[in-house]
Amino acid sequence: MKIAFGPFILDDETRRLMTAEQQHHLSRKAFDLLVMLVADRPRVVTKELLQQRLWPATFVDEANLANLVAEIRSVLGDSPRDSAYIRTIHRVGYSFCGDGQIVATGGGGQPDRPACWLEWGAQRFLLPVGEHVIGRDADVAVSLNESSVSRRHARLLVTTEQITLDDVASKNGTFHNGTRVTSPVALANGDIVGIGSLRITFRVPAPFDSTETRVVG
């Protein structure tokens with residue numbers, strides 16, 4: 001899968017980190033760590049869990065993990081004091097705080113065709129294949145300027161097979177047909193998505209349509 005953030009594209013299948021100008025080198029462990037943090041964004045991943053994933057069944061000094069984070073920040077041009085991508089939660093762990101977007105693959109302009117949409121009053125938010133953040137910020141895919149909505153509230157992942165909704169540690173919660181979302185849930189045509197106090201209707205054309213709701217994971 002390819003994830004775009006800032007000027008970078010991270011491709012975990014070909015193990016490349018690229019910008020339009022060049023490919024950027026990371027050591028094997030540093031690349032693995034970046035993939036883990038991006039995959040778990042925006043959640044905080046503890047140091048203990050990262051060490052278990054990177055060095056299974058092996059004791060390593062915590063400084064090794066800090067060195068990998070420093071390597072990633074150096075390549076990304078990130079700063080620990082004013083983090084655009086890697087945030088340190090002291091004595092706990094790290095999180096990826098950038099806005100990653102899935103880069104859809106395929107030909108014929110398919111990625112840009114709306115795969116589904118959200119309806120809120122007279123507004124319609126068209127969503128092509130990819131990842132879309134819902135929130136109060138003006139720069140997110142689905143911008144809702146309401147006080148009960150967090151700046152980055154929820155996330156919709158649209159693929160050619162399914163559409164899933166997940167909460168992004170919002171203050172007032174994300175809901176699926178009245179039930180609070182605590183893990184990614186697949187959406188079906190006509191589902192009601194609750195974003196804080198707002199109720200939004202999810203719509204999808206026939207190829208995606210399903211009467212079955214499935215929890216992902």
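Two strands are taken to pair if DSSP finds at least two bridges between them. Helices (H or I, at least four residues) and strands (E, at least two) are DSSP runs, numbered from the N terminus. The structure is a predicted model, in which local features need pLDDT of at least 70 and side-chain atom pairs count only at pLDDT 80 or more, while totals for chains, interfaces and linings use all residues. Residues are numbered from 1 along each chain as its sequence is written, and side-chain values use heavy atoms, with hydrogens and water left out.

The chain has 3 helices and 19 strands. Of its 217 residues, 44% count as buried, where buried means under 20% relative accessible area, exposed means over 50%, and partly exposed lies in between (1.4 Å probe, protein chains only). A contact requires heavy atoms within 4.5 Å. Among contacts between residues at least 6 apart in sequence, 42% join residues at least 24 apart.

A hairpin of 4 residues connects strand 13 to strand 14. The two strands run antiparallel and are joined by 5 bridges; strand 13 covers residues 154-158 and strand 14 covers residues 163-167. Ala-154 stands opposite Asp-167 of strand 14. Strand 14 also pairs with strand 17, in the antiparallel sense and over 2 bridges. In this second pairing, Leu-165 has Val-185 of strand 17 as its bridge partner, and Thr-164 has Ala-186 of strand 17. These strands belong to an open sheet of 5 strands with mixed pairing and the order 12-11-13-14-17. Its edge strands, each pairing on one side only, are strand 12 (142-143) and strand 17 (185-186).

Strand 14 is mostly covered, with 5 of its 5 residues buried. Burial applies to both faces of strand 14: Ile-163, Leu-165 and Asp-167 lie on one side, and Thr-164 and Asp-166 on the other.

Helix packing was described with axes that are lines fitted to C-alpha atoms, for helices over the stretch in contact, and with angles that run from 0 to 180 degrees between N-to-C directions. Angles under 35 degrees count as roughly parallel, over 145 as roughly antiparallel, 65 to 115 as roughly perpendicular and the rest as oblique. Helix 1 (residues 28-39) and helix 2 (residues 47-54) pack at about 130°, and their axes are 11 Å apart. Helix 1 is therefore oblique to helix 2. The crossing of helix 1 past helix 2 is right-handed, a crossing being right-handed if the near helix is turned clockwise from the far one by less than a right angle and left-handed if anticlockwise. On helix 1, Lys-29, Asp-32, Leu-33, Met-36 and Leu-37 meet Leu-50, Arg-53 and Leu-54 of helix 2. By class, this contact has 5 nonpolar, no polar and 3 charged residues. Ala, Val, Leu, Ile, Met, Phe, Trp, Tyr, Cys and Pro count as nonpolar, Asp, Glu, Lys and Arg as charged, and the others, Gly among them, as polar.

The axes of helix 1 and helix 3 (residues 62-76) come within 9 Å and cross at roughly 80°, so these two helices are roughly perpendicular to each other. The contact involves Lys-29, Ala-30, Leu-33 and Leu-34 of helix 1, together with Leu-65, Leu-68, Val-69, Glu-71 and Ile-72 of helix 3. By class, the contact of helix 1 with helix 3 has 7 nonpolar, no polar and 2 charged residues.

Most residues other than glycine have a negative phi, and most peptide bonds are trans. The peptide bond from Arg-41 to Pro-42 is cis, with omega near -5°. Pro-42 is found in the loop between helix 1 and strand 5 (45-46). Arg-91, not a glycine, has a positive phi of about 65° and sits in the loop between strand 6 (86-89) and strand 7 (93-96). Its relative accessibility is 82%, so Arg-91 counts as exposed. Asn-177, also not a glycine, has a positive phi of about 50° and is found in the loop between strand 15 (174-176) and strand 16 (179-180). With 42% relative accessibility, Asn-177 counts as partly exposed.

Ser-95 is part of strand 7 and, at 1% relative accessibility, counts as buried. Not counting residues up to four places away in sequence, Ser-95 touches Leu-37, Pro-42, Arg-43, Val-44, Tyr-85, Ile-86, Arg-87 and Ile-89.
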